[in-house]
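Me: I have a model open and would like to talk through its packing with you. Could you take my questions one at a time?

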Amino acid sequence: MAKKDKIRRPRAETPKGFRDYFGAEVTERKAMLDKIAEVYHLYGFEALESAAVETVESLGKFLPDVDRPNAGVFAWQEAGEDDGDWMALRYDLTAPLARVYAQHRNDLPTPYRRYAMGPVWRNEKPGPGRFRQFYQCDADTVGTASVAADAEICAMLADTLEAVGIERGDYVIRVNNRKVLNGVMEVAGLAGDDKERERGIVLRAIDKLDRLGVDGVRALLGAGRKDESGDFTDGAGLNNVQADTVLDFVEANETARLELLKDADLATGLAVGILQTSASSEERRKLPPPADETEALEHSLWNKAVLEVLRKLVNHSQIGLEGVAELEQIADLLGAQGYGPDRIVIDPSVVRGLGYYTGPVYEAELTFEIKDEKGRPRQFGSVAGGGRYDDLVTRFTGQAVPATGVSIGVDRLLAALTAKGRIDRTPQGPVIVTVMDRDRMADYQSICATLRQAGIRSEVYLGNPKNFGNQLKYADKRGSPAAIIQGTDEAARGVVQVKDLILGAKLAQDATVEEWKENPSQTEVKLADLVPFIQSLLA
């Protein structure tokens, strides 16, 4: 008799680059998104939920480090048609907004201010803490070219970080302008369509400054760079003069710091501010924010010094000077509202990786230290970024439609709050109504319904009730604050036993016999008094 083929069962594992989120994590994310939405709503933004799938044509070629539209995304061709549309999961929330606005622009107000929250997908190589699906939380203003919209986004981002629990002094929002970078490119002889490849490499090299340092960036500006694994990345092929021009731009903060320090009196007044805002100084991260309005006013001189350095760098480039003027206007608008360089600072090292930015760009960096998996201290880094993208909607309409916006990396922000101890990871499970008698399930469900009507999260144990100890183990695993017990005798007397599981666990851990007697963890309660008793216990 022939042997039957062994049944091949699928492996129970998440796909590479993806992960599962359980109860507490989902609850934490929702709570944080609710706080973010409150701030966005306060600023006058309206919610939008667009489709998770777009045509590849709509998404366009805007992901960094890719050579074709459907690289870097999860894409497929519509079945049954030789020339069917290519579809893809959205890689961010901005490209779909461009399609939505172009499609519904006649019905939407101008400017259109929207926020959106949800998962996005990128078909990229996963790594530690880097997943192919992650949450983003965006806010955008479409239809105005005023840099006041950019300044407002930066102010709102600062308010949002503080609303979710990132204290002032633990973050800094860095602002730059792509026009300034374009001016520097022009001065370096990298203007024109024939230099598009070189400009792309330069942009990505600058974006890796924090990770690679100045030497690493210089290598990428030149012949190329070999990493620790031996992999070689082709460089932009710039000569030394061109590379120096780009690096002078990247190090404009340090140049401004040195210029200010030439004036001894000014240096004394600005010492704290310079260290706080200089991208090259680690000491900045350990200092408090400005103590008063006078100190904040002194800090405003810092932005002026950086802007002056940038003016010299772009020389006579018209686009570069236009970018410097926009940065100056943004700094003035923010300063008038009280958002000084202790929170928002001009920083030429910020370029942003996505290719669709056309003007101001911004990035929120958390400045506190955390420990890596080996216990070494490191900076947490960026949790949000965005900028102006005046050409994205134009792809659909053929007309200029200015826009600006910001995207918050929800998972990274949650990780930051956890690292700072701002999220309580203690399980908050439901009250468990135990089952002593299968035939009295209706009574137990009735007790549960009474608790729920009072807004108390609760559930009846629906596993095998034969072993009562397993019911309490289940309650412990759920992080339940209390278990309700009612046998035949208690039912006849109209009472229940309430076992305080949190107090019981504490007493079992370190209580004396006297404390056990003074603080019994199980109490008999009349059914009529159950709701106020549980409410008091939870409080």
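Me: What share of the contacts in the protein chain with a separation of 6 or more comes from residues 24 or more positions apart?
Reply: Residues 24 or more positions apart account for 68% of those contacts in the protein chain, where a contact means heavy atoms within 4.5 Å. This is a predicted model in which local features need pLDDT of at least 70 and side-chain atom pairs count only at pLDDT 80 or more, while totals for chains, interfaces and linings use all residues. Residues are numbered from 1 along each chain as its sequence is written, and side-chain values use heavy atoms, with hydrogens and water left out.

Me: And how many helices and strands are there in the protein chain?
Reply: The protein chain has 20 helices and 18 strands, which are DSSP runs numbered from the N terminus (helices are H or I with at least four residues, strands are E with at least two).

Me: What about burial, what percentage of the residues is buried?
Reply: Of the 539 residues in the protein chain, 47% are buried, with buried meaning under 20% relative accessible area, exposed over 50% and partly exposed in between (1.4 Å probe, protein chains only). The protein chain exposes about 28200 Å², and carbon and sulfur atoms supply 49% of that area, as computed by the Shrake-Rupley method with a 1.4 Å probe, where for residues only the protein chains shown count as cover.

Me: Let's go local, then: how many residues of α3 are buried?
Reply: In α3, 9 of the 11 residues are buried, so the helix is mostly covered. The buried residues are Thr94, Ala95, Pro96, Leu97, Ala98, Arg99, Val100, Tyr101 and Ala102.

Me: Which elements do those buried residues pack against?
Reply: The buried residues of α3 pack against β2, α2 (56-59), β5, β6 and α13 (394-397).

Me: Since β2 came up, is Glu54 in that strand buried or exposed?
Reply: Glu54, which lies in strand β2 (residues 53-55), counts as buried because its relative accessibility is 5%. Not counting residues up to four places away in sequence, Glu54 touches Leu59, Trp86, Met87, Ala88, Pro96 and Arg99. The C-alpha atoms of Glu54 and Met87 are 5.8 Å apart, although 33 residues separate the two in sequence.

Me: Switching to backbone geometry, which peptide bond is cis?
Reply: The bond from Thr110 to Pro111 is cis, with omega near 0 degrees, and Pro111 is found in the loop between α3 (94-104) and β5 (112-121).

Me: What is the phi of Asn315?
Reply: Asn315 has a positive phi of about 55 degrees although it is not a glycine. Asn315 sits in the loop between α11 (293-314) and α12, and it counts as partly exposed because its relative accessibility is 41%.

Me: Now helix pairs: at what angle do α4 and α12 cross?
Reply: The axes of α4 (residues 147-164) and α12 (residues 318-336) cross at roughly 50 degrees and come within 9 Å, the axes being lines fitted to C-alpha atoms, for helices over the stretch in contact, with angles running from 0 to 180 degrees between N-to-C directions. The two helices are therefore oblique to each other, given that angles under 35 degrees count as roughly parallel, over 145 as roughly antiparallel, 65 to 115 as roughly perpendicular and the rest as oblique.

Me: Which residues of α4 and α12 meet there?
Reply: Val147, Ala148, Asp150, Ala151, Cys154 and Ala155 of α4 meet Glu326, Gln329, Ile330, Leu333 and Leu334 of α12. By class, the residues of this contact divide into 8 nonpolar, 1 polar and 2 charged, with Ala, Val, Leu, Ile, Met, Phe, Trp, Tyr, Cys and Pro counted as nonpolar, Asp, Glu, Lys and Arg as charged, and the others, Gly among them, as polar.

Me: And how are α6 and α7 arranged?
Reply: The axes of α6 (residues 196-207) and α7 (residues 209-221) come within 7 Å and cross at roughly 150 degrees, and the two are therefore roughly antiparallel to each other. The contact is made by Ile201, Val202, Ala205, Ile206 and Asp207 of α6 and Leu209, Val217, Leu220 and Leu221 of α7, which divide into 8 nonpolar, no polar and 1 charged.
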